[in-house]
Amino acid sequence: VMRDILTGMLSSLGYSVLSTQDGKEALFVFKDCIDSGKKISGMLFDLTVPGSMGGKEAIEEIRKINIDIPAFVSSGYADDPVMTNPAEYGFTASICKPYNKNELSRMLEKYMTG
């Protein structure tokens, strides 16, 4: 449900969205886009995905491929070190749940270049 809501928010902000169920699938899609010449402007991960690869593990692999792509982490755990110091973990910025479309838009506008 949260993924669908976020996809809707991003779409309403004018973004074309590729949605995945976890970090492992995101990594697969990211590699596939690179191989096929498709441009990805940024990535947004949930910090934890119960029973699967979350953003913290996925960003380590993403950064081996592309150090510069804007990558954001989202979580309801505001005190988690990844959320308080996202750059130390390979993320561009963090956004704490719950957030609204305006907060999401401001973060993306600040860090996305195109």
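Modeller: Let's begin with helix H5, whose buried residues pack against helix H1 (2–12) and strands S1, S2 and S3. Contact here means heavy atoms within 4.5 Å, and buried means under 20% relative accessible area, with exposed over 50% and partly exposed in between (1.4 Å probe, protein chains only). Helices (H or I, at least four residues) and strands (E, at least two) are DSSP runs, numbered from the N terminus.

A word on the source: this is a predicted model, in which local features need pLDDT of at least 70 and side-chain atom pairs count only at pLDDT 80 or more, while totals for chains, interfaces and linings use all residues. Residues are numbered from 1 along each chain as its sequence is written, and side-chain values use heavy atoms, leaving out hydrogens and water.

Back to H5, which covers residues 101–111: Leu104, Ser105, Met107 and Leu108 are its buried residues. Seen down the helix axis, they fall within an arc of 165 degrees, so they line one face of H5; the arc is that of the directions from the axis to the C-beta atoms. Turned away from that buried side is a face with the exposed residues Asn102, Arg106, Glu109 and Lys110.

Now look at the strands that H5 packs against. S2 has five of its five residues buried, so the rest of the structure largely encloses this strand. Ala71, Val73 and Ser75 point one way from S2, and Phe72 and Ser74 point the other way. S2 pairs with S1 in the parallel sense over four bridges, and S2 and S3 also pair in the parallel sense over four bridges. Two strands pair if DSSP finds at least two bridges between them. Follow Val73 for a moment: Phe45 stands opposite this residue, and Ser94 is its bridge partner in S3.

Next, pick out Ser74 in S2. With 3% relative accessibility, Ser74 counts as buried. Its contacts, leaving aside residues up to four places away in sequence, include Asp46, Ile95 and Lys97.

Two of those neighbours have a link of their own: the side chains of Lys97 and Asp46 form a salt bridge at 2.8 Å, N to O. A salt bridge is a side-chain nitrogen of Lys or Arg within 4 Å of a carboxyl oxygen of Asp or Glu. Lys97 lies in the loop between S3 and H5, and Asp46 in S1, so the pair ties together parts that are 51 residues apart in sequence. Lys97 is partly exposed, at 30% relative accessibility, and Asp46 is also partly exposed, at 30%.

Finally, which residues touch the most other members of the 15-residue largest nonpolar core? They are Met43, Phe45, Ile59, Ile62, Val73 and Phe91. Apart from that core lies another, of eleven residues, and Leu104 of H5 is among them, as are Leu6, Leu10 and Phe72. A nonpolar core is a set of buried Ala, Val, Leu, Ile, Met, Phe, Trp, Tyr and Cys residues joined through side-chain atoms within 4.5 Å.
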